[in-house]
There are 2 protein chains.
Amino acid sequence: MYEFERKKEISQAVINRMPRYYRYISDLKRQNVARISSKGLASIMGLTASQIRQDFNCFGGFGQQGYGYNVEKLCEELENILELRRNKTAIVVGVGNIGRALIKNFNFHSSGFRLIACFDANDDMIGKSFGSVTVQNAKDLRKFVAYEKPDIAVLTLPKEMAVPISSMLVECGIRGLWNFTNADLQFDGVPVENIHFSDSLMRLCYEVG
Amino acid sequence: MYEFERKKEISQAVINRMPRYYRYISDLKRQNVARISSKGLASIMGLTASQIRQDFNCFGGFGQQGYGYNVEKLCEELENILELRRNKTAIVVGVGNIGRALIKNFNFHSSGFRLIACFDANDDMIGKSFGSVTVQNAKDLRKFVAYEKPDIAVLTLPKEMAVPISSMLVECGIRGLWNFTNADLQFDGVPVENIHFSDSLMRLCYEVG
């Protein structure tokens, strides 16, 4: 009930800013900063203090007048809001260069996920190990998702495969998709987060003029 | 003058949508579709026809009543708007896994750039060739940028290096930054496009609930 209410009332724009807050606050925590005022945080983040107070108020505040924010506590609160400590699980579908780069280097844990498996259709790739996971045959993907119930799939497969594979994953109960394929995916009740390299670079191409 | 006026009057939101239009239109071109109505385009893109007409009107239309859009011509117009055929140049700074994945696989050309060089500070990496470029010593980066005047730098180096290196690049005349480092970068008159993997995954973590 609480969950439902919380999600209902917070705007997407506020949510979108939360990961950035979390990045800054965890950096401060790593630097052993004990507390910070909304003014101080505003200045390092290039925001206004009132914007920060407003954003945090959506989740019930956290700050104390005249004291500011306790960094460790704020970090914890943000982890709770973003649900980063719920031990959610992820699989990587497609172990090409981007897939491998993510598996080898990306810290899934600090974004809330545990990487539990990866899949590829390429015989040369199946059985190879990267980091903590071994590439499994894409033929076994359906069964794996139906039985193991991973929370999300990271789509790093060829664009042509994005729609059929993601439809199958959704059918088998996947709860979210992290989409690197440049295909526009849409499913009722299954959030999709897109990393669109080419859109981003084209915008830059326009902006540099 | 024309350029200036054009850039002044078009909202960021419209610009942000252009790469997506371009993706769809170039797909249609590849499929040899000759023309498409705003209604037809709206339906495949999940938009409304009036939104599409409004967006394209910012750049002077392109469509003809009762005929729709000539796909090839629209594709060309979008390439012009986004300046994709100006032969702009890019360098990659940091040849770790993400840097290599981009060099080897990402089609810079279709997003408006020619990749002309890459740099790394790691002795084991210097001299190695990936695709059409050979890794150069990061010590030579400043000189290269000052003399060769690449338009943009792709920042795939460690986060700690992002601020000092990008400041140096801006000082040497770089005109745009494609930032993969998770550092928040800001320079007057130098656009920065960010690819924030962790922010994106954290949002998904929140959204899957």
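Predicted model: local features only at pLDDT ≥ 70, side-chain atom pairs only at ≥ 80, totals over all residues.
**Entry 1: the size of the contact.** I started by asking how many residues each chain brings. The contact draws 56 residues from chain A and 56 residues from chain B. Next I looked up the buried area: about 5,300 Å² lies between chain A and chain B, and carbon and sulfur atoms give 61% of that area.

**Entry 2: charges and polar pairs.** I then went through the polar side of things. I found 10 salt bridges across the interface of chain A and chain B. I picked out one pair to view: A:Arg23 and B:Asp199 join their side chains in a salt bridge, at 2.8 Å from N to O. For polar contacts, the count between chain A and chain B is 30 residue pairs, both at pLDDT 80 or more.

**Entry 3: which parts of chain A take part.** Among the elements of chain A that give two or more residues to the side touching chain B are helix 1 (2-9), helix 2 (12-30), strand 8 (176-179) and helix 9 (197-208). Helix 9 of chain A supplies the largest share of that side, with 12 residues. Sorted by class, the side of chain A that touches chain B has 27 nonpolar, 14 polar and 15 charged residues.

**Entry 4: the sheet in chain B.** I moved on to the strands. In chain B, 7 strands make an open sheet with mixed pairing, in the order 5-6-4-3-7-8-9.

Methods
Residues numbered from 1 in each chain as written. Chains lettered and ligands numbered in written order. Heavy atoms only, no water. Contact = heavy atoms within 4.5 Å. Buried area = accessible area lost by both parts, 1.4 Å probe. Salt bridge = Lys/Arg side-chain N within 4 Å of Asp/Glu carboxyl O. Polar contact = N/O pair within 3.5 Å; in protein donor to acceptor, adjacent residues only side chain to side chain. Helix = DSSP H or I, 4+ residues; strand = E, 2+ residues; numbered from the N terminus. Nonpolar A, V, L, I, M, F, W, Y, C, P; charged D, E, K, R; others polar. Pairing = 2+ DSSP bridges.
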